[in-house]
Amino acid sequence: MGAHAAEDCHKAYSALLAVSGPSAILCPQLEPNTSLDWEIQKLGRFPGELNDLNWVLQRAPMQMAMHDWKQISTDTTLPPSRDQICSICQPKLPIITDPKSGARSEKAQEAARYERSIKLQPPSYILLSRVIDEQAELRFSVNIRTMAHHACGRLVGLVHASDVPKVDISWRLVTNTLDLAKRSLRAFTLSSNTEDTAAENPPGFEKGVTLDEEQRRSLGWMIAQESEEIDPFTEEEVDEAILPAMAC
Ligand SMILES: [Zn+2]
């Protein structure tokens, strides 16, 4: 995260699908280019935005699916504030905190800057297109880095300030959104402390007052949670972007 220059996030697109062919068939609505530059269209904002290309896109998802998670980075240190992740994807919040009272308030000038920054954030998907010599080229592209920055931003502040949290970042491409809705989650079970080791009665209780066996087991569990050897608590955040024209 921190190793990348912030402006990289506007350019960090990878092509998911590249299509080329005669412009009269592929996309007659596109104007011929006068240079080699690509036209950029933000995707994912309007339901019918790629209707003209549906016939091209309908066959694409099967070939694009990458159901396994691909790891981008591991053990990356999560900074203490969101804007340290990336000033583009996580612009500084326009909030000031009174050092004495701890009261939080919004700074008017900063709020305008923040709103502008939010509007200029790179979209998750874009379409690059150009027409040269009656040949059209289309590249449907995704910005994995900006999605990773959004997910990491939501993890900031969830852990105690004295900890130095580490994050592993992965991504995957799922083309069947119905499968996502059907995914089976682990059954929730209420755990019990019947197997926990009972702690000693705490010192300093009034004479004759002791904890019950169950209470001492609960106390033993609580002490164990504060031990240095306890397994770390894992928090997960997902940033999801759906491109309806490519979903099936
Ligand atoms: Zn970013």
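Is Tyr-114 buried, partly exposed or exposed, and how many other C-beta atoms lie within 10 Å? Tyr-114 turns out to be partly exposed, because 17 other C-beta atoms lie within 10 Å; by the definition used here, a residue is buried if 20 or more other C-beta atoms lie within 10 Å of its own, exposed if 12 or fewer, and partly exposed in between, with C-beta atoms placed from the backbone. The structure is a predicted model, in which local features need pLDDT of at least 70 and side-chain atom pairs count only at pLDDT 80 or more, while totals for chains, interfaces and linings use all residues. Residues are numbered from 1 along each chain as its sequence is written.

The protein as a whole has seven helices and eight strands, where helices (H or I, at least four residues) and strands (E, at least two) are DSSP runs, numbered from the N terminus. Of its 248 residues, 17% are buried. Among contacts between residues at least 6 apart in sequence, 77% join residues at least 24 apart, a contact meaning that the C-beta atoms of two residues, placed from the backbone, lie within 7 Å.

Tyr-114 itself belongs to helix H4 (residues 108–119). Leaving aside neighbours within four places in sequence, Tyr-114 is in contact with Pro-91, Leu-93 and Pro-94; for Leu-93, which is 21 residues apart from Tyr-114 along the chain, the C-alpha atoms are separated by 6.6 Å.

The next feature is a sheet. Four strands form an open sheet in the order E1-E7-E6-E2, with antiparallel pairing, and two strands are said to pair if DSSP finds at least two bridges between them. The edge strands are E1 and strand E2 (39–43), each of which pairs on one side only, and the twist averages 20 degrees from one strand to the next, with axes taken as lines fitted to C-alpha atoms and angles running from 0 to 180 degrees between N-to-C directions. Strand E1 (residues 14–22) lies largely in the open, because the number of buried residues among its nine is zero. Eight antiparallel bridges join E1 to strand E7 (residues 135–142), and Gly-21 stands opposite Ala-136 in E7. Strand E6 (residues 125–132) is likewise joined to E7 by eight bridges, running antiparallel, and Ser-129 has Leu-138 in E7 as its bridge partner.

Finally, Gln-84 lies in the loop between strand E3 (66–77) and strand E4 (95–97). Gln-84 counts as partly exposed because it has 15 C-beta neighbours inside 10 Å. Gln-84 and Gly-153, 69 residues apart in sequence, are 9.3 Å apart in space, C-alpha to C-alpha.
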